[in-house]
Amino acid sequence: MKTTRILWFYLLLPLSLLNFTFTINIVTSQCLGHQQSLLLHLKNGLIFNPAKSKKLIHWNHTDDCCQWKGVACSTKGNVIALDISHEFITGGNLTSLFKLQYLQNLNLAYNEFHFGINSEFKNLKNLRYLNLSNAGFMGQIPTEISHLSKLGTLDLSTTFTSSSQHGLKLEKPNIVEFVQNFTRIKELYLDGVAVSAKGEEWCHAVSSLQGLQVLSMSSSNLSGPLDPSLTKFQSLSVLQLDHNNLSSPVPDYFGNLSGLNTLQLRSCGLSRVFPKNILQLPSLQVLDVSDNQGLHGSLTNFPNQASLSHLNLSHTNFSGPIPDSIGNLKHFSTLDLSNCQFNGTLPNSISNLAQLVYLDLSFNNLTGPLPSFNRSKALKTLYLNHNYLNGTLPSTHFEGLTNLVSINLEVNSLHGRFSSSLFSLPSLQLLFLANNRFDGQLDEFPNGFSSSLEMLDLSDNNFQGHIPMSVFQLKRLTLLLLSTNKFNGTIQLSMIQSLQNLTTLDLSHNNLSVIASAIDGNDFPFPKLNSLLLASCNLGIFPSFLRNQSTLVSLDLSSNQIEGIIPNWIWRFEFLINLNLSHNFLTNLEGPFQNLSSNLFHLDLHENQLQGPAPIFAKNINYLDYSSNRFSSITTPAGIGNFIPGAVSIFLSDNSFHGKIDESICNISSLQVLDLSHNGFVGKIPECLTSRRSSSLKLLSLAGNNLNGQISDKFSTCCALRFLDLSGNLLKGTVPKSLANCQNLQVLSVGNNQLMDEFPCFLKKISTISVLVLRSNKFYGQIGCSNVISNWERLQIVDVADNNFSGTLPTTLFQSWKALMSDEDISRFDHLSFDIYDNKISSVNFAAITTILTKTNKMKLAKIVAVEPLFVVEHMLSHVYGEVSSLRRYEASVTIVIKGQKRKLEKILIAFTSLDFSSNHFEGPIPEEIMSFKALHALNLSHNAFSGHIPSTLGNLRNLESLDLSMNSLRGEIPNELASLSFLAIMNLSYNHLVGRIPTGTQIQSFEADSFIGNEGLCGPPLTQNCSGEGGQGLSQPPSSETTNSHSSSSIDWSLLSVELGFTFGFGIFIMPLILWKRWRLWYSKKVDDVLYKIVPQLDFVYERRGGKRYRSLRWKPY
């Protein structure tokens, strides 16, 4: 609706500027006979539609031709003006026209001639006004037109769209030759004519027309830059150059054109800062520089006497506050500042714009309360959506706005009770309040039957209680979205049957119980729906009435506890493109699937109990999610990649698929997301998945399978991977060096394999890496990258545990990990993700969604969704893609280990940070640089050979939740600063050489004694050993052995004496070398340790350095 209204505005604006209907003098003289004869010959030679004609059809022999519609005569009876525009002419002969030599005004606009402009126009030498706009003429504009030197107005424009071709062109003559004779021209319209000239050429040509007042050359293939010769336009009042690739800044000298009242430079590739002096022009009424993303600027203070009535800066980079002086624009009717960077509060002076008709400030950063609009009585459209507006919504703000048609306030922070009085606005057709914080119960409202409301969206708020019955009386409703609130009670879908115009219904994610059983017996037929979204509505079954909903485009029955078989009829809807049956208890899919002509683009069946072969039958599929089921194989008429060549996202994780990965999947050139994790796939990773030249694949997850072999070292130079997870397989070899080609990589996880390699320093130039998991492999050497500081400023999770890394932790490597040093508020609850769309669209619309589709799928989708107006389609896309983020972006997951327990982060918070260097051979002191990681949540350095003291600066890590320093050689006292870590929930300092009193404090005293055992010098609670040396033994002491009672008798049992002597002698022969010879003693200790390590799983080696030498000892694991 919004798009349509703006389009009509731009179509009508040029017509309002054009002297389209010329003045016809009323004369008493009769039409000359030969003039009438020429007109009748012209009529007879034209092919037109008599049923639609309003002029030609009335021309006849009996009436005076000077009285005919569209004809005007001079006092002598000669025809001087002819207007046969909008006559549905489709061809014919114009020979008679060129004999009307007295013609001064000629209008043939808006017909369909479908041939070239005749060179005989040169005979009409008296023409002052010529309008051939949108008349269907094609080809090169003849030179003879340029001979009409008396022309004051020339209009050769055509309506041009991105999907159409230029009908007329100026090549021979070119623009310079064409205009050189127009010495009297005042208005020149060449919109949609392929002029194809560079900036200096066309600027010099038109600037030679000294008397020019209107220049309109939109969509004319003009290029820039704008030339200073345009300063000659001192008489210019209208300049329209929309949709040309000018690629230049807006020149300051436009501010010197004192007579300029209209400046339109929409979508011209403009850049740099917009000159403020243009906004100060006292005569300026219309300014449109929209759709120029490179254009910056801010709004100036508007003078009291400003004439500005129309301002469109949408889709630019204008920023700053909206000035309070905007209230001075008393003539303002249209203000569009949408999709910019404006901030600050809305000035209250905006309430003074009494003439305001259209206001769009959507997609900005505006804050503060909503001002009142009750003085703007002419207001029809109000769009303030996608900002940060807060406060309440008083009903008085809209009192008396009888012309108001559309209100869109969605995606803000408005709160409080919502007044149902808005429903009573007599002209209101659209009300969108989704994604705010409105609460309370919706009140009933009167006169629902007479309401004009057609679209109502209250989704994603906190509305409570029952849905008012008045809502089901809004007879004109076509769209009703009430999802994601706290509505409760029972809804009989039979209530919907009174809404016969309804095409879209969403009741999902409330506390409702929807009952569909009473529909079939109702007197009214159920409305033909295009979208039905009933997720989490306690349905329990597939509603039977759905069988007859043949117009369905989108159906969501997820999370409804539906059991059993998915019925076959659900696949056979002709227009169905979106089907979501996830989170149910479905066990099977009813066939057959042969010869299905399904148009499904989005199919989501994840989190069910589906088993057996997984059928893939929708050739147009774009998004396929079969994850978290029990499927065992994939069945397609051909390989999966050959059958669904247009797929973008495929999720098959957490099933029972086995065998080798089907290499035909590489044939899907549009594939961006592929998740085959946690199945039973075997064999090697298909090389085509990593070496493909296509730059589309952004996610590849093959984790948790049984894949073997090496990772191919043929990652393409145009690699687009953001997420690569190969963990939990049997992969060997090294990390491929060509992985450095993936310059946008965010997550790399190759943990739990058999890789043997050094630390991957070659990834140092990938600045986007946030997660690096190398755990449980055979990596070795130092992790420092010699003489190189990495560029990993976004790194937030590092897990290199359970490898063979050694040496000290490099301080230079840590210096670039800026994300870990952030001292910002930890309440950043967004998730680590990547956008599926490379164009980084600010809002979801049909054009943006289709950028990821193949050309064939794009055409099919456009044909199907044509059942709804484009505005409705785009709103539903925004609604669905906002709820289901995986449709637009993938939120990364990864498995980490905290205190020995694996934890899968299904969605990685941007705020979550973790370092795990455990179970390696690191040594030396704990680097002080780690203490600057103020954003760190989990730190594990256990099972290494770290020595020295625990840094007191550990208290800087005030966000730390988990700390494990166990099984090292740390000495000294536990720093008191540790007691100040208020978020610390997990701590282990066991099995070191710590001494002294355990610090007291609420947090540290909450830990069990197990967190401190194995430190012989520690004392105080929670250990039983106090610090005075008295009391029970500390937990670090081994249990004492019991003594056996000796016999009191002095008698000697000689039968045992020989055995005892033999044992003592033999033991002495074995034990004496261990005591006397150091080399034998060390050899024996090493062998015993190796045996114990293999047979006792609770034991682990600890490496420590003493006296410049490195020693290995065996200790109990802390868990």
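These legends go with close-up views of a predicted model. Local features need pLDDT of at least 70 and side-chain atom pairs count only at pLDDT 80 or more, while totals for chains, interfaces and linings use all residues. Residues are numbered from 1 along each chain as its sequence is written, and side-chain values use heavy atoms, with hydrogens and water left out.

**View 1. Strand β47 and its partners.** Phe681 and Gly683 make up its covered face, with Gly680 and Val682 on the uncovered one. β47 runs parallel to β45 (residues 658–660), joined by three bridges, and parallel to β49 (residues 706–710), joined by two; strands pair if DSSP finds at least two bridges between them. Look for lysine 660 bridged to valine 682, and glycine 683 opposite leucine 707.

**View 2. Nonpolar cores.** A nonpolar core here is a set of buried Ala, Val, Leu, Ile, Met, Phe, Trp, Tyr and Cys residues joined through side-chain atoms within 4.5 Å. The largest has 278 residues, and Leu82, Phe254, Phe759 and Trp817 touch the most other members. Another core, of ten residues, lies apart from it and includes Val673, Phe723, Val771 and Val773.

**View 3. Serine 133 in its loop.** Serine 133 sits between β6 (129–131) and β7 (139–140). Its relative accessible area is 3%, so serine 133 is buried (under 20%, using a 1.4 Å probe and protein chains only). Beyond its neighbours within four places in sequence, serine 133 is in contact with Ala109, Tyr110, Asp155, Leu156 and Ser157 (heavy atoms within 4.5 Å).

How values were computed. Buried < 20%, exposed > 50% of the residue type's maximum accessible area, 1.4 Å probe, protein only. Helix = DSSP H or I, 4+ residues; strand = E, 2+ residues; numbered from the N terminus.
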